[in-house]
Amino acid sequence: MQHLPPETLALCALGEAEPGDTAHLADCAECAAEVTALRRVVTAGRNAGESEGLPRPPSSVWDSIHARLGLSDAVRADPFDAVDTPPAAVDAPSPAQRVSPAGSSPVPLEDARKRRARRRLPQVLGAAAAAVVLAAAGVWGISRILADRSEVIAAVELAPLPAYSDTGRAEVDQRSDGGRELVVTASGSGARGFREVWLIAPDVQRMVSLGTMEGTEGRFTIPANLDLDEYPIVDISDEPFDGNPTHSGDSILRGVLDP
Ligand SMILES: [Zn+2]
């Protein structure tokens, strides 16, 4: 049995089936399923039309859809190109038609239908592309929301002090709520005691402890009023379990934040 071509399936989904098409759909479960699926896309596409300001998908999206569905050359052009072009230019009568006494020459019905089909198809497929883009935008939006929660405002590679060979890095993240975090990563350490993370002034006398570090990554809240210009040195020290809260003087890694 000869199945309906994709263009006809699309027209059927739009409610423009011809009697012959309807008869085939009644007998062919395969084509009927295609039309049902397309109809869902048309519905989604029409509803999507109400929301404006969506980014236009790159033409490569259409190229993929076109190739995947094995569509004809007639619809090879990105349907969004047609959206961007003023539609009047497509349907304007040629000068010859305009001066003819009858206004315009009659067009055979079959030709008119084909022309309409050619015009409508990009809309259907545009709706399909819009539905794909909407789904992608949803996923993209969620990941952006998660990623946008903080922004790196300063970073420095941490260098080991002479007795050590550790490597590390410190980043200052500005959170969307206005708070700041120092994110420290450091290779596993041979610290004899525990590791403590500090912000230190250039005079190396004034310093603020942010907390102890476990594992290879730690996140530390930077006190709201602490001026990083005043305490730009990030320092990880090896602290003995001696009950003394001051810096042991035994630094493992150090770097100066570049504001
Ligand atoms: Zn069929």
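Which residues coordinate the zinc ion? The first legend answers this. The structure is a predicted model, in which local features need pLDDT of at least 70 and side-chain atom pairs count only at pLDDT 80 or more, while totals for chains, interfaces and linings use all residues. Residues are numbered from 1 along each chain as its sequence is written, and side-chain values use heavy atoms, with hydrogens and water left out.

**View 1. Zinc site.** The zinc ion is coordinated by H3 through ND1, H24 through NE2, C28 through SG and C31 through SG, at 2.1 to 2.4 Å. Donors are N, O and S atoms within 2.8 Å of the metal (3.2 Å for Na, K and Ca); water is not among the atoms, so sites may look incomplete. The spacing of the donor residues in sequence is H-x20-H-x3-C-x2-C. H3 lies in the segment before α1 (6–13) and H24 in helix α2 (residues 19–27), so the pair, 21 residues apart, links distant parts of the chain. Helices (H or I, at least four residues) and strands (E, at least two) are DSSP runs, numbered from the N terminus. The 4 donor atoms subtend angles of 99 to 133°, which makes the arrangement tetrahedral; four donors count as such if all angles lie between 85 and 135 degrees. The ideal angle for four tetrahedral donors is 109.5 degrees. H3 is partly exposed, at 32% relative accessible area, whereas H24 is buried at 11%. Buried means under 20% relative accessible area, exposed over 50%, and partly exposed in between (1.4 Å probe, protein chains only).

**View 2. Nonpolar cores.** The largest nonpolar core has 24 residues, of which L158, L182, V184, V197, L199 and I236 touch the most other members. Strands β1 (150–160), β2 (168–175), β3 (180–186), β4 (194–200), β5 (207–213), β6 (217–222), β7 (233–239) and β8 (251–256) each supply at least two residues of this core. A separate core of 10 residues includes L4, L14, C31 and V42. A nonpolar core is a set of buried Ala, Val, Leu, Ile, Met, Phe, Trp, Tyr and Cys residues joined through side-chain atoms within 4.5 Å.

**View 3. V197 and E196.** Beyond its neighbours within four places in sequence, V197 is in contact (heavy atoms within 4.5 Å) with L182, V184, V208, S209, L210, G211, M213, F220, D235 and I236. E196 lies in strand β4. E196 is buried yet has no salt bridge, and the nearest side chain of opposite charge, R195, is 11 Å away. Lys and Arg count as positive and Asp and Glu as negative; His and the chain ends are not counted.

**View 4. Salt bridges of R192.** A salt bridge is a side-chain nitrogen of Lys or Arg within 4 Å of a carboxyl oxygen of Asp or Glu, and the whole structure holds 13. R192 pairs with D238, the closest N and O atoms being 3.7 Å apart. R192 is in the loop between β3 and β4 and D238 in strand β7, 46 residues apart. R192 is exposed, at 68% relative accessible area, and D238 is buried, at 3%. R192 also forms a salt bridge with D250 (2.6 Å, N to O). D250 lies in the loop between β7 and β8, so this pair ties together parts 58 residues apart in sequence.

Terms used:
Four donors count as tetrahedral if all angles lie between 85 and 135 degrees; four count as square planar and six as octahedral if opposite donors are over 155 degrees apart and all others between 65 and 115; anything else is irregular.
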